[in-house]
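Reader: I have a model open and would like to go through it piece by piece. Could you take my questions as they come?

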Amino acid sequence: MSLERRLALGLAASVVLVITAQPALAGGGGGLPWEGPLQQIQQSITGPVAGFIALAAVAVAGGMLIFGGELNDFARRLMYVVLVAGILLGATQIVGLFGASGASIGTVEASEQEDLPHG
């Protein structure tokens with residue numbers, strides 16, 4: 001087989017591969033099956049109801065640990081788990097109280113650059 005024939009056959013095969021692969025490459029934004037439930041869970045644990053549940057969990061677990069008297073080891077560990085879960089659920093509301101809403105990346109203003117020491 002001559003070189004020209006090999007190049008022509010390779011070019012034809014490449015064109016066929018590109019044409020057949022185009023529908024597969026065009027479907028780039030489809031959601032995965034677990035994205036919907038995960039977004040629902042995220043909305044559930046960051047909403048106002050979750051904040052009240054977290055506050056109640058922290059209050060009840062703290063009260064049980066402080067005023068519970070003689071709790072057995074299992075009950076004490078269970079209260080620690082409830083306390084930590086309440087703190088984790090309420091962490092977004094706690095951070096929101098301080099006015100933080102997320103990371104922000106920006107440029108340094110010219111007036112701020114002048115205040116920085118040059119080394």
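Reader: Where is Gly 86 located?
Author: Gly 86 sits in helix α4, where helices (H or I, at least four residues) and strands (E, at least two) are DSSP runs, numbered from the N terminus. Before we go on, please note that this is a predicted model, in which local features need pLDDT of at least 70 and side-chain atom pairs count only at pLDDT 80 or more, while totals for chains, interfaces and linings use all residues. Residues are numbered from 1 along each chain as its sequence is written, and side-chain values use heavy atoms, with hydrogens and water left out.

Reader: OK, and is Gly 86 buried or exposed?
Author: Gly 86 counts as buried because its relative accessible area is 4%; buried means under 20% relative accessible area, exposed means over 50%, and partly exposed lies in between (1.4 Å probe, protein chains only).

Reader: Which residues does Gly 86 touch?
Author: Leaving aside residues up to four places away in sequence, Gly 86 touches Ala 54, Ala 57 and Val 58, where contact means heavy atoms within 4.5 Å. Gly 86 and Ala 50 are 36 residues apart in sequence, and their C-alpha atoms are 9.0 Å apart in space.

Reader: Which other residues of α4 are buried, and what do they pack against?
Author: The buried residues of α4 are Met 79, Gly 86 and Gly 90, and they pack against α3, which covers residues 48–67.

Reader: What about Gly 51, where is that one?
Author: Gly 51 is in helix α3, and it counts as buried because its relative accessible area is 18%. The C-alpha atoms of Gly 51 and Ile 87 are separated by 9.6 Å, although these residues are 36 residues apart along the chain.

Reader: Back to α4, how many residues does it have and how far does it reach?
Author: Helix α4 runs over residues 73–97, which is 25 residues, and it reaches 35 Å from its first C-alpha to its last, close to the 36 Å expected at 1.5 Å a residue. The expected span is 1.5 Å times one less than the number of residues in the helix.

Reader: Where is the kink in α4 centred?
Author: The kink is centred on Gly 90 and comes to about 50°, the bend at a residue being the angle between axes fitted to the seven residues ending there and the seven starting there. After α4 comes Gly 99, whose phi is positive, near 85°.

Reader: Switching to charges, how many salt bridges are there?
Author: The count comes to 2 salt bridges, with a salt bridge taken as a side-chain nitrogen of Lys or Arg within 4 Å of a carboxyl oxygen of Asp or Glu. In one of them, the side chains of Asp 73 and Arg 76 meet at 3.8 Å, N to O. Asp 73 also forms a salt bridge with Arg 77, and there the closest N and O atoms are 3.1 Å apart. Salt bridges that share partners join Asp 73, Arg 76 and Arg 77 into one network.

Reader: Why are Asp 73 and Arg 76 separated by about one helical turn?
Author: They are separated by about one helical turn because they are 3 residues apart in helix α4, and Asp 73 and Arg 77, which both lie in that helix, are 4 residues apart, again about one turn. In general, an α-helix has 3.6 residues a turn, so residues three or four places apart point the same way.
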